[in-house]
Amino acid sequence: MPIDYTIDHDKRLVQARVVGVIALKDIEAFTDAVVAQNALTYRKLFDGSRGDGSYDDHDVMMLAARAAAYATLAKRGPLALVPRPTHGAELAKRYVNLGKFTGQAQIFGTAEEGLKWLEAQPEGEP
């Protein structure tokens, strides 16, 4: 999978980094893994700054619908998104808006900025 990730249950933190070309199915597999490992309430860093992919409006709608559906399972933990410069910022904004994150998600220019923000957030519900 072109998404490297770790789920740290002790710190209640998920860190993911795109390492190649990703498609909708890769992001779906990653989010399914987060849910399967009971980490939906954890703080999450998704660093797509060095990855690549192509998405259309349908893909964005599918991801956002999945994110909104996950919100019915449990309270989602804070999400820090680091989009690819020049190509990903608009996609990230649309995802946050359509996924009904209500202030729980922020977009950052670097993974370091995102992680700093996450470290200041509550660890999430047990």
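The protein has four helices and seven strands; helices (H or I, at least four residues) and strands (E, at least two) are DSSP runs numbered from the N terminus. This is a predicted model, where local features need pLDDT of at least 70 and side-chain atom pairs count only at pLDDT 80 or more, while totals for chains, interfaces and linings use all residues. Residues are numbered from 1 along each chain as its sequence is written, and side-chain values use heavy atoms, with hydrogens and water left out.

Walk along the sequence and you get β-β-β-α-β-β-α-β-α-β-α. The C-alpha atoms fill a box of roughly 35 × 30 × 25 Å along the principal axes. For 126 residues, a compact globule would have a radius of gyration near 14 Å, and the protein agrees with its 13 Å. That radius is taken over C-alpha atoms, and the globule rule is 2.2 Å times the number of residues to the power 0.38.

Now for the helix pair. α1 (residues 24–36) and α2 (residues 57–70) pack at about 10 degrees, with axes 11 Å apart, which makes α1 roughly parallel to α2 (angles under 35 degrees count as such). Axes here are lines fitted to C-alpha atoms over the stretch in contact, and angles run from 0 to 180 degrees between N-to-C directions. On the α1 side, Leu-24, Ile-27, Glu-28, Thr-31, Asp-32 and Val-35 meet Asp-59, Met-62, Leu-63, Arg-66 and Tyr-70 of α2, with contact meaning heavy atoms within 4.5 Å.

On a 1 Å grid over the protein atoms alone, a 1.4 Å probe fits in a cavity but cannot get out, whereas a pocket is an open set with protein on both sides within 12 Å along at least five of seven lines; lining residues have an atom within 4 Å of a point. Grid points are joined across faces, edges and corners, and a volume is the space filled by probe spheres set on them.

| Space | Volume | Lining by class |
|---|---|---|
| Largest pocket | About 720 Å³ | 23 nonpolar, six polar, six charged |
| Largest cavity | About 30 Å³ | five nonpolar, one polar, one charged |

In that table, Ala, Val, Leu, Ile, Met, Phe, Trp, Tyr, Cys and Pro are nonpolar, Asp, Glu, Lys and Arg are charged, and the others, Gly among them, are polar.

Of the 35 residues lining the largest pocket, Ile-27, Phe-46, Tyr-55, Leu-81 and Leu-91 are the closest to its centre. α1 gives the most to this lining, with five residues.

The largest cavity is lined by Ile-27, Thr-31, Leu-63, Arg-66, Ala-67, Tyr-70 and Tyr-95. Here α2 has the largest share, four residues.

Definitions and conventions: Parallel < 35°, antiparallel > 145°, perpendicular 65-115°, else oblique.
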